[in-house]
Amino acid sequence: MGLFSFFKKSDKVGQENTIDSKDLLGNATTKKGDNRDVVTKLSFHPEWDVPQEQKYIFNFLANELEPLKPNQLSLSSISIEEARAGKWLVRAFFRSSLPQAIELGEIELFILDKDEELIASKKFDFKALGTIPAESARPWVFEFEKSTIKVDEVPEDGWKIAFNLVSLRGHQLELDPSWEKQLPAAQKEELEKIVKTLPELGETEVNFTGLQAKLADNGNLNVSIFIRNGHNKAINLEQLPLEIIDSTGKQIAKGSFKMDPILTVQPNSTKPWTFIFPADLVDAEDADLSRWTARVTQ
């Protein structure tokens with residue numbers, strides 16, 4: 001392997017990103033109440049033929065690592081080197097405190113600067129790292145191509161490589177506390193089922209999907225909408241101009257809603273919300289609400 005030259009005597013272990021293994025694997029794998037310190041042992045990929053001098057460097061770095069608690073996975077940042085074509089070679093340890101060996105699949109990783117701002121992101125196939133033994137630390141070089149990097153310069157001290165937990169948990173239903181209190185469990189389950197059937201969002205996509213529309217006796221139009229956020233950061237809605245189009249293409253309502261307090265939709269989440277168009281903004285004559293669309297207007 002040609003990666004050994006990337007690890008140098010001057011390298012030091014920096015920031016660490018640690019998660020509970022169930023966030024990635026979906027189930028706990030240690031006994032409840034186990035709170036001992038787990039010292040991870042250095043582990044090399046079975047195909048590596050590591051020179052003796054390089055083993056010394058790896059051992060030195062591994063000895064700097066703090067113990068983990070049981071049932072954790074961790075990324076320990078070491079250093080970044082800029083290569084040809086603007087590529088970043090990010091050196092790190094991938095660590096596991098699980099009591100058994102694991103082999104992982106595709107995982108998205110972030111590079112965050114000292115202010116926790118996202119400066120690079122890429123999905124990696126962790127099968128390339130091979131089988132990770134129990135309670136071990138495996139050195140690796142993660143390559144971030146220029147297209148995956150959002151800044152012009154390698155970050156200063158304080159950066160870290162981290163798991164994208166938002167992508168790990170998958171797209172989720174988010175209920176406002178008021179909805180959480182009022183909705184029966186059966187309706188919550190129904191909403192979760194609907195969210196799972198909706199088309200997958202792009203990484204920067206925000207989508208408004210109609211859920212329910214009802215004309216009230218007083219002429220108001222009540223519409224419930226799924227606000228879908230594909231971003232890895234929360235979005236805040238202060239003002240939302242909306243129009244409702246029925247199945248024939250007719251505009252039956254149009255208005256602008258001031259969100260007070262601001263409506264926040266968490267990353268990679270779908271939040272249902274109800275908007276009430278007053279009767280004077282509704283033209284419901286001959287409206288066909290068997291199918292309808294909510295659109296954000298300019």
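Student: What is the relative accessibility of glycine 105, and what does glycine 105 count as on that basis?

Tutor: Glycine 105 has a relative accessibility of 27%, so it counts as partly exposed. Here, buried means under 20% relative accessible area, exposed means over 50%, and partly exposed is in between (1.4 Å probe, protein chains only). A quick word on ground rules: this is a predicted model, where local features need pLDDT of at least 70, side-chain atom pairs count only at pLDDT 80 or more, and totals for chains, interfaces and linings use all residues. Residues are numbered from 1 along each chain as its sequence is written, and side-chain values use heavy atoms, with hydrogens and water left out.

Back to our glycine. Glycine 105 sits in the loop between β4 (88-96) and β5. Strands like these are DSSP runs of E with at least two residues, helices are runs of H or I with at least four, and both are numbered from the N terminus. If you skip the neighbours within four places in sequence, glycine 105 is in contact (heavy atoms within 4.5 Å) with Phe124, Asp125, Phe126 and Lys127. Alanine 128 comes 23 residues away along the chain, yet its C-alpha atom is 8.8 Å from that of glycine 105.

With a relative accessibility of 47%, glutamate 116 counts as partly exposed. Aspartate 286 also has a positive phi without being a glycine, near 60°. You'll find aspartate 286 in the loop between β14 and β15 (292-296), and it is exposed, at 71% relative accessible area.

Threonine 40 gives us another loop to look at, the one between α1 (21-25) and β2 (41-42). Threonine 40 is buried, with a relative accessible area of 8%. Beyond its neighbours within four places in sequence, threonine 40 touches Leu65, Leu68, Arg95, Ser96, Glu135, Ser136 and Ala137. The C-alpha atoms of threonine 40 and alanine 62 are 8.2 Å apart, although 22 residues separate them along the chain.

β11 pairs with β10 (residues 206-215) in the antiparallel sense over nine bridges; two strands pair if DSSP finds at least two bridges between them. Within that pairing, isoleucine 225 of β11 is the bridge partner of glycine 210. The hairpin of β10 and β11 has five residues between the strands, and glycine 219 there has a positive phi near 95°. β11 also pairs with β14 (residues 269-277), again antiparallel and over nine bridges. On that side, isoleucine 225 stands opposite tryptophan 273.

There's another hairpin to look at. β12 (residues 235-246) and β13 run antiparallel with 10 bridges, and isoleucine 235 stands opposite valine 265 in β13. Four residues lie between these two strands, and glycine 249 in this hairpin takes a positive phi near 95°.

Finally, step back. The protein has five helices and 15 strands. One of the helices, α2 (residues 52-63), holds glutamine 54, which counts as buried at 9% relative accessibility. From glutamine 54 to isoleucine 245, the C-alpha atoms are 66 Å apart, across 191 residues of chain. The whole C-alpha trace spans about 80 × 45 × 30 Å along its principal axes. Buried residues make up 44% of the 298 in the protein. Of the contacts between residues at least 6 apart in sequence, 72% join residues at least 24 apart.
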